[in-house]
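Reader: I'd like to learn how to read a few features off a model like this one. Can we take them one at a time?

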Amino acid sequence: MKHGWRLAAAAAAAALALGAGPAGAAEAGDVAQRVEALLRQMTLEEKVGQLNQLSGKEFTGPATDKVRSMETEIRSGRVGSMLNIKGVPDTRRLQALALQSRLKIPLLFGLDVIHGYQTVFPVPLGESASWDMEEIEESSRIAAREAAGSGIHWTFAPMVDVGRDPRWGRVMEGAGEDSYLGARIAAARVRGFQGKQLGGVESVMATAKHFATYGAAIAGRDYNAVDMSEHLLHETYLPPFKAALDAGAATFMNAFNTLNGIPATAHSGLQRDILKGAWGFKGFVVSDWGSVREMVVHGYAADLPDAAAKALVAGSDMDMESNAYSTGLAAQVRAGKVPEALVDDAVRRVLAKKFELGLFDDPYRFSNAERERAALNDPRHRQAARRIAGKSIVLLKNEKAALPLRRGLGSIAVIGPLADARRDLEGGWIVKSDAANLASLVDAVREQAGPGTRVTYAPGCDVACRDDRGFKAALDAASAADAVVLAVGESWDMSGEAKSRADIGLPGRQSELFDALRAIGKTPVVVMMAGRPMTFENVAEQADAILYAWFAGSEGARAIADVLFGAVNPSAKLPMSFPRNLGQVPISYQQYETGRPVRDEKNIVYKSAYIDSPNTPRYAFGHGLSYTRFAYRDLRLSASAMAPNGKLTLSFTLANTGKVAGAEVVQLYLRDPLASVVRPVKELKGFQRIELQPGQQKTVSFSIDRDTLAFHNRKLEWVAEPGKFELMVGSASDDIRLRDSITLTER
Ligand code: GLC
C-alpha cells in the first residue's frame with residue numbers, strides 16, 4: 001500500500017510528459033504560452049503558493065495576528081486564492097497585496113454562491129423541481145452577475161451529487177435522485193454561471209462538486225464513508241459530473257468522503273484516471289475545506305506532509321484551508337516523494353484560469369463599484385426570483401377544490417411556525433441574509449387577499465414546537481376564519497451541510513397542531529417549507545391540499561401566495577421520492593424488479609416487501625399536480641424497430657382539458673426487461689415542460705436513439721443490447737399514461 005501511491009506518482013508524471021496536461025499551446029493559444037513563460041520564472045515555493053487557498057473570514061473582523069500573517073503570506077506570493085472575501089473594497093485591497101509579490105500573480109476569489117448572491121433563489125433541490133432548464137440557467141446567470149460585480153471570480157457550485165437519502169441534509173444543495181435530470185441541471189447551472197466564455201465580467205467560474213459519491217454517505221450521515229460498486233458509480237453517480245465537464249465547468253471540487261476505502265481527495269482513480277485522463281479535464285481540482293488535512297484523521301496519511309503528497313499526486317491541484325501544501329509540499333518534492341512535474345501541472349491549470357479570466361491584464365476587472373451597484377439593485381432579479389420560485393412549488397395534493405383560495409374571503413388565518421418566517425425562506429448556503437427585505441407568508445397573503453379580507457396570524461409554536469402553549473391562540477384564530485393556511489416544516493438551518501437528521505418528520509409537535517385544527521373542523525391548506533423530503537403521514541392522509549415550497553428564496557412568500565390564490569398555476573414535479581417513513585430510505589423510483597416483486601400490496605407473502613409498510617413512496621419522483629388537467633393521447637412511434645445506429649421518434653398528444661392555463665412536465669421512461677445486467681424497472685430518459693391554454697393541445701415528440709437504450713454492462717462498457725424495450729410516458733414515475741415497446745435489432 002505505501003508504495004502504491006508512489007507508483008501512481010510516477011505514472012502520472014509519465015502521462016504528463018506525453019502532454020496529457022492542460023491544453024497544449026496549440027489548443028489554448030497564447031494562454032499556454034503565457035503560462036509556460038511565467039512557470040519558468042517561478043521558484044518551487046511560488047509554485048506551491050499558487051496551490052494554497054485560504055479563507056478570508058477573518059479579514060472581515062479586527063486586524064488580528066492571523067490577519068497580519070495572512071497578509072504577509074499574500075504579499076510573499078504564498079497564496080493563490082482566497083475564499084469568503086467579497087465586495088469591491090475587500091477584493092481590491094487583497095488583490096493589491098498579491099500584486100506586491102515578486103511575480104505579481106493575482107489572486108482568485110472564490111465563494112459559495114449556491115442559489116444566489118444577494119437575490120436568493122429557491123434552494124437548488126427546490127429549483128430542480130421546476131424541471132425548467134432555462135430558468136435554472138437564468139437564476140445561475142443572475143447569481144453570477146451579482147457575484148462577479150462584487151469581485152468574485154469563482155463559485156463553488158453547482159453541487160451535482162446524486163442524493164437518494166433524505167436523512168443527508170445536503171440533498172438541499174443538489175438536484176435529487178435521478179442522474180438524467182441531475183445531468184441536465186448540472187449543465188444548465190454551469191452555462192448560467194460561466195456564460196458563453198470564461199472571462200466575461202458578468203460570469204464566474206463554476207465548480208462541479210463534490211467529486212465523487214458524497215451523496216451516498218452511509219446512513220445519510222454527513223462526511224461518512226461510501227461503499228459503492230464501480231457499476232453504480234459509473235451508471236448513476238458520475239454522469240452529472242461528466243455533464244458539468246461537457247458544459248465547460250472550469251473547476252471541480254473533491255469530497256470529504258472515502259470511496260471504497262480511499263479518500264476522494266487522494267483518489268487517483270477518480271481524479272487522474274477518470275477526470276483528467278478519460279474525460280480530458282483541463283481545469284483544476286480544489287480540495288474541499290480541510291479535506292487534505294482530514295486524510296490523517298481518516299487514517300490514510302501519516303501526517304500533514306504525507307497527506308499533501310498523496311493529495312497532489314492523486315490530482316488535487318489546490319488545497320483549501322488545510323495548509324498542507326503550504327507547509328509540506330515543497331519539502332516532499334525535494335525529498336523526491338512528489339515529482340515536480342506534477343506540481344507544475346497543477347500550477348499550469350490554476351494559472352491558465354487566471355489568464356482566461358483576464359486577471360493578468362487587469363487584476364481588478366471584476367471589482368467594479370458601478371457594476372456591483374447596478375447588479376445588486378436590478379429589479380429584474382427579484383422578478384426572476386418570484387417567477388422561478390413559483391415554478392418550484394410542488395402541489396402535492398388538492399382535493400375538494402381546496403386550492404386555489406378564492407379572493408374576497410371574509411377572513412384568512414395564517415397559522416404555524418413558518419407563517420411569519422423571513423430568514424427561513426432563504427434556506428442555507430446564502431452569502432448574506434437580506435431577510436429584512438423579505439415578505440413573510442402572512443405579509444404576502446395580506447398583499448394578495450384583497451382589501452376586504454381580514455388576515456390573521458398565530459404561530460401556534462416555534463419550529464422546534466416542543467410545547468403546545470400557543471395552540472389555543474392559533475385555534476382561536478382559525479375558528480374565526482373562513483380559510484386556514486398552515487405553514488410548517490424545517491428552519492433554514494435544519495438542512496444543508498452537517499445537518500443530517502435521523503428523524504425526517506415534521507419537527508416537534510407540528511403535526512399535533514395540524515391535528516388540533518382538524519379536530520375543530522378547520523382542515524387547513526398546508527404549506528411545507530424544508531430543504532429535503534420530510535415524512536408527514538397524518539398530514540398527507542388528512543389534509544385536503546398540500547404545497548411543498550422548499551425554502552423558496554427572497555421572493556418565496558409572494559410566490560407561495562401566487563400559487564395559493566391561483567395567480568400561478570403550479571407545475572413543479574418532485575426531483576426526489578418522498579418516503580412514507582424512514583424505514584423505506586434509501587428510496588428511489590429506479591428500483592430493480594427482484595425475483596419476487598410485489599404485484600399486489602395485499603399479497604406480499606414471500607415477496608420483496610415490508611410487513612409493516614407499502615413499498616411505494618408517499619409521493620413519487622416526478623409527482624406534482626396542477627390546477628388544470630392534462631390528457632395524454634394517441635402515442636405514436638415512427639417505427640417499432642431500430643438498428644443500432646438508427647433512431648426513431650415517439651410522439652403523443654397532450655391536451656389541457658381543464659379550465660385554466662398550465663404547464664405539464666411530461667416524462668419519458670424506459671425499461672430494458674432483459675439484459676446482461678438487470679436494469680431498473682424505470683429510468684427517466686426525457687422530459688419536456690409544455691405550457692397549454694385551456695382546451696389547447698400539442699404534439700409532443702421524443703427522439704430515441706442508441707444512447708437512450710444504453711447502459712454500462714458488467715465490464716463498464718456503454719452498450720445497447722438488442723431486444724425489446726418498453727417506453728412509457730407519464731405525468732410522474734408512478735403515473736404512466738401511455739406505453740408501447742420497440743425492438744433494437746442486431747444490425
Ligand atoms: C464546505 C463544503 C463545500 C464548500 C466549501 C467552502 O465544507 O463542503 O461544499 O464549497 O466548504 O465553503
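This is a predicted model: local features need pLDDT of at least 70, side-chain atom pairs count only at pLDDT 80 or more; totals for chains, interfaces and linings use all residues.

Reader: Is Glu683 buried or exposed?

Author: The cut-off for buried is under 20% relative accessible area. Glu683 has 7% relative accessibility, so it counts as buried.

Reader: And what does the side chain of Glu683 make a polar contact with?

Author: With the side chain of Arg679, at 3.1 Å.

Reader: Okay, helices next. At roughly what angle do the axes of α20 and α21 cross?

Author: Angles under 35 degrees would count as roughly parallel, and 65 to 115 as roughly perpendicular. Helix α20 (residues 471–479) and helix α21 (residues 510–519) have axes that come within 10 Å and cross at roughly 40 degrees. That's why α20 is oblique to α21. The crossing is right-handed.

Reader: Which residues meet there?

Author: Phe471, Ala474, Leu475 and Ala478 from α20 meet Glu512, Leu513, Ala516 and Leu517 from α21. By class, that's 7 nonpolar, no polar and 1 charged residues.

Reader: One more: which backbone oxygen does the side chain of Ser81 reach?

Author: The one of Leu108, at 2.9 Å. Ser81 lies in strand β2 (residues 81–83), and at 0% relative accessibility Ser81 counts as buried. Its contacts beyond four places in sequence include Asn52, Trp154 and Met318.

Definitions and conventions
Residues are numbered from 1 along each chain as its sequence is written. Side-chain values use heavy atoms; hydrogens and water are left out. Buried means under 20% relative accessible area, exposed over 50%, partly exposed in between (1.4 Å probe, protein chains only). A polar contact is a pair of N or O atoms within 3.5 Å; within protein, one must be able to donate a hydrogen and the other to accept it, and residues adjacent in sequence count only if both atoms are side-chain atoms. Axes are lines fitted to C-alpha atoms, for helices over the stretch in contact, and angles run from 0 to 180 degrees between N-to-C directions. Helices (H or I, at least four residues) and strands (E, at least two) are DSSP runs, numbered from the N terminus. Angles under 35 degrees count as roughly parallel, over 145 as roughly antiparallel, 65 to 115 as roughly perpendicular and the rest as oblique. A crossing is left-handed if the near helix is turned anticlockwise from the far one by less than a right angle, and right-handed if clockwise. Contact means heavy atoms within 4.5 Å. Ala, Val, Leu, Ile, Met, Phe, Trp, Tyr, Cys and Pro count as nonpolar, Asp, Glu, Lys and Arg as charged, and the others, Gly among them, as polar.
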